[in-house]
Amino acid sequence: MEMFSSQFGSNLAGLMFIWTIYRHYLPPKIHEAIEYFTSRYTHKLASFFSPYLDITFNEYSNRFNRNEAYDAIQSYLGEKSSTEAKSMNANYDEGAKSLLIKLGDNEEIMDDYSGVQVWWSFVKQHVEQPVISYYRNSNELRHYTLVFHAKHRKFILDKYLPYVFEEGEAITNRNKKRKLYTNGDDGEMWDNCIDFKHPARFGMLAMEEAKKQMILEDLQWFKGAKEYYAQIGKPWKRGYLLYGPPGTGKSTLVAAMANLLDYDIYDLELTAVKNNKQLRRLLIETTCKSIILIEDIDCSLDLTGQRAEKKEGDEEKADEKDPLKNKHAGEKEAKDKKKKGSDVTLSGLLNFIDGIWSACGEERIIVFTTNHVDKLDPALIRPGRMDLHIELSYCRYEAFKMLAKNYLRLESHPLFETIGNLLEEIDVTPADVAENIMPRSLKTTTAEDCLKKLFVYLEKSKKEKKLKAEQELMLEGGEKLASGEISG
Ligand SMILES: Nc1ncnc2c1ncn2[C@@H]1O[C@H](COP(=O)(O)OP(=O)(O)OP(=O)(O)O)[C@@H](O)[C@H]1O
Ligand SMILES: [Mg+2]
C-alpha cells in the first residue's frame, strides 16, 4: 500500500539491509531466535512505528445482529465503487430497486473527505470453523477496513465516520423498495406486506394550489427537521388529519406523501387490534421513515363514549338522505361489528400517538383519515397530536383544471368555463370528475368527448339537486300544514 512506503518503510529497509549483511556472523542459536522474533512480531513492530491507524468493521456484531455500520459502509462504498473501483460485485438483492454494486473482494478504494484521504478495503477471509449465525452459516468472514493517518484520528471519528454512516443509510433507503404493511386478522403483527407501487404524485392531485404547496412545504420541512426536533426535545414525528367526503383524495394524498418522502406505509386496521398492549407492540415494530395510517378513524373504535354515540345516531339518520355519504355504509357496518371485539381505548390510542413509547422510532408520520371530522374526540386531534388538519373537499374549477390537464392533456377549452360554473354550483367529488373525464378508449374517445360527458353528468346532477330541494321544500310544507303551522 502506497502509504506504508513512508518514513517507516525506509527505516525498515535500512534495518533489513544491515540484518542481511551481518546475520551470517552470528551464532546459529541467536540467528534463529532473531528470525523467530522478527517473523512473529514484524506486523506488530510495523504498526508500532507506522503513523497510520486502522479500524475494522465486521459484518456481524454478534450471532444475532448484523453490524449496521457494516451495512451503511457497504452502501456508501458501493456507490463510490460504481465510478471508481476496478473490481466490483453486483447483486440483484431482494427488496432493492435496482442492481446493487458493492466493492470487489479484497479490493481497495481511496476516499477524500474535506481534503483528508482515507483508504477502505473489503476483506474476505476463509476460516476453518464455520461461523454459525442467525443469518447464515458460512466459512467466510467479511469485514471492511478503514486506514487513515493518526493525525486525523479525531476528525475521522467525529466527522468522517458519522458522514459515511448517514450517507450510507440514505443510499440504502433510496435503493430500497418501499413496502406497504398491514396488521393481520389476529391484529398481532405486521404480517401482510407487499411492495408499495402506488403511482400517485403531488403533481396529479386536484386541490387548491396554495393548499398543495403548504402540504408539500410542510413535508419537506419535516424531512429535514431532525435537529430541530432534537433541539426542542420532541420525538421526530408529525400527525396529519385528513378529512372530507368520500372520493376527495385522502388515500391518494397519503400515497403521494409516501412517494414524495420515500417512506413505507403501515396501514393499521385498528378494529383488528385486540387491546392497548397489542397496539403498543405494533407501534414498536414499525420502522423509521414511515407513515402509520389509520383510515376512517371515526368508525374504527368507540373512542368517545356517550357523547359520540348520541351524535353518531343523529348523523346516521341525516346520512340516510345523502347517497354520497351512504356509499361506504356496508363497509362501515362490517367495521362496526369488528370494533365490538376490540378493547383498544381512546387513552390507548392517545398513548400510541404521543405516549412515551411513541418515541421509540424516528421520522414517522401518523395519518388519520375521516369522512366525519366532527365525530372525533377533540383530545384525539388537538394540536401537537395532529399537527396539520387538512380538508379535502369537493371539486371546484381550479381542481378540475388540474384533472383535465392530467387526464386529457388539456389546458383550455371552450367548455371549461361552463363546466367551471357548474362545479361552483354543485358538490361533486374529484373522484366523480375523474371518472367522467377518463377516456374509455384512447383511440376513439377525444378529449372533447370526455368534456361533453362530464358536462352531461354535471347538468344531470344539477337537475337532481334542484328536484331534491323542491321535494324537501314540499315535504317541509306538508309537515307544517299537517301540524297546523300554516293553513291550507
Ligand atoms: N384530489 C384528487 N386528485 C386527483 N384524483 C383524485 C382526487 N380525489 C379523488 N381522486 C380520484 O378518485 C379516486 C378515489 O380517491 P381516494 O380513494 O383518494 O378518495 P378518499 O378521499 O380516500 O375516499 P374515501 O373517504 O372513500 O376513502 C382516486 O383513485 C383518484 O383517482
Ligand atoms: Mg380513502
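Here are some questions and answers about this predicted model.

Residues are numbered from 1 along each chain as its sequence is written, while chains are lettered from A and ligands numbered from 1 in the order in which they are written. In this predicted model, local features need pLDDT of at least 70 and side-chain atom pairs count only at pLDDT 80 or more, whereas totals for chains, interfaces and linings use all residues.

Reader: What is the mean pLDDT of the chain?

Author: Happy to start there! pLDDT is the predictor's confidence in each residue, from 0 to 100. In this chain, 76% of the residues reach 70 or more, though over residues 304-327 the pLDDT is below 50. The mean for the chain is 81.

Reader: How many residues does domain 4 give to the contact with domain 3?

Author: The domain bounds come from an automatic or database domain assignment, which gives domain 3 as 179-391 and domain 4 as 397-483. Two residues are in contact if their C-beta atoms, placed from the backbone, lie within 7 Å. Domain 3 gives nine residues, and the number from domain 4 is nine.

Reader: Between which domains does ligand 1 lie, and why?

Author: Look at which domains supply the shell around the ligand. Both domain 3 and domain 4 give residues to that shell. Ligand 1 therefore lies between domain 3 and domain 4.

Reader: Which helices give two or more residues to the shell around ligand 1?

Author: A residue is near a molecule if its C-beta atom, placed from the backbone, lies within 6 Å of it. There are 17 residues around ligand 1, and Pro246, Gly249, Thr252, Pro430 and Ala431 come nearest. Helices (H or I, at least four residues) and strands (E, at least two) are DSSP runs, numbered from the N terminus. The helices that give two or more residues to the shell are H7 (250-261) and H16 (430-437).

Reader: Which strands stand at the edges of the seven-stranded sheet?

Author: Two strands pair if DSSP finds at least two bridges between them. The open sheet has mixed pairing and runs in the order E8-E7-E10-E11-E12-E9-E13. Each edge strand has a single partner, so one side of each is left without a neighbour in the sheet. Those edge strands are E8 (192-195) and E13 (388-391).

Reader: In which sense do strands E9 and E12 pair, parallel or antiparallel?

Author: Strand E9 covers residues 237-243 and strand E12 covers residues 364-370. Tyr243 stands opposite Thr370 in E12. Over seven bridges, the sense of the pairing between E9 and E12 is parallel.
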